[in-house]
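These are my notebook entries on a single protein chain. I set down what I looked up and what I found.

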Amino acid sequence: MIRPDFEKGNGLIPCIVQDVHTNQVLMLAWMNEESFQKTRETGLATYWSRSRQELWCKGETSGHYQHVKEILIDCDEDTLLLKVEQDGAACHTGKYSCFYRNIEGEEVL
């Protein structure tokens, strides 16, 4: 098994989250080694919250879980791509994806 290199990012690596059926990018989050292991064990996306300084399982409070179907790693082994089945919204605003606006602020999705 190829293991992510958490040391390159001072213990954290970016994790891109994508809808497994549509390939739409849903969000970007951060993982540490503990959240990575928890994700693999449970099949539910678990991240490291930089603001709260704690693990968070996506959907724990909202019910909008991310069921991980595949985990891909980039060529440098310092970024992950999670392909998920998303329950409800991925974004805390209630939007399906966090990437719903262009840089002018117009909603595009």
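**Basis.** I worked from a predicted model, in which local features need pLDDT of at least 70 and side-chain atom pairs count only at pLDDT 80 or more, while totals for chains, interfaces and linings use all residues. Residues are numbered from 1 along each chain as its sequence is written, and side-chain values use heavy atoms, with hydrogens and water left out.

**Whole chain.** I first looked up the secondary structure and found 1 helix and 6 strands. Helices (H or I, at least four residues) and strands (E, at least two) are DSSP runs, numbered from the N terminus. From that terminus the order is β-β-α-β-β-β-β.

I then turned to overall dimensions. The C-alpha trace spans about 40 × 30 × 30 Å along its principal axes. The radius of gyration, taken over C-alpha atoms, is compared with a globule rule of 2.2 Å times the number of residues to the power 0.38. For 109 residues a compact globule would have a value near 13 Å, and the 14 Å of this chain agrees with that.

Of the 109 residues, 35% are buried; buried means under 20% relative accessible area, exposed over 50%, and partly exposed in between (1.4 Å probe, protein chains only). I also checked contacts, meaning heavy atoms within 4.5 Å. Among those between residues at least 6 apart in sequence, 41% join residues at least 24 apart.

**Helix α1.** Which residues of α1 are buried? In this helix, residues 33–42, I found S35, F36 and T39 buried. They lie on the same side of α1, because they cover an arc of only 105° around the axis; the arc is that of the directions from the helix axis to the C-beta atoms. The buried residues pack against β2 (25–31), β3 (46–49), β4 (54–57), β5 (66–73) and β6 (80–86). On the face turned away from the buried side I noted the exposed residues E34 and E41.

At the ends of the helix I recorded two details. N32 caps the N-terminal end, with a side-chain oxygen 3.2 Å from the backbone nitrogen of E34. Just after α1, G43 takes a positive phi of about 80°.

**Cysteines.** I searched for disulfides, defined as pairs of cysteine sulfur atoms within 2.5 Å, and the structure holds 0. For C57 the nearest cysteine sulfur is that of C15, 13 Å away. For C75 the nearest is likewise that of C15, at 16 Å. C57 is buried, with a relative accessible area of 14%, whereas C75 is exposed at 74%.

**Q86 and H64.** I located Q86 in strand β6 and H64 in the loop between β4 and β5. Q86 counts as buried at 11% relative accessibility, while H64 is partly exposed at 27%.

The side chain of Q86 makes a polar contact with that of Q66 at 2.9 Å. A polar contact is a pair of N or O atoms within 3.5 Å; within protein, one must be able to donate a hydrogen and the other to accept it, and residues adjacent in sequence count only if both atoms are side-chain atoms.
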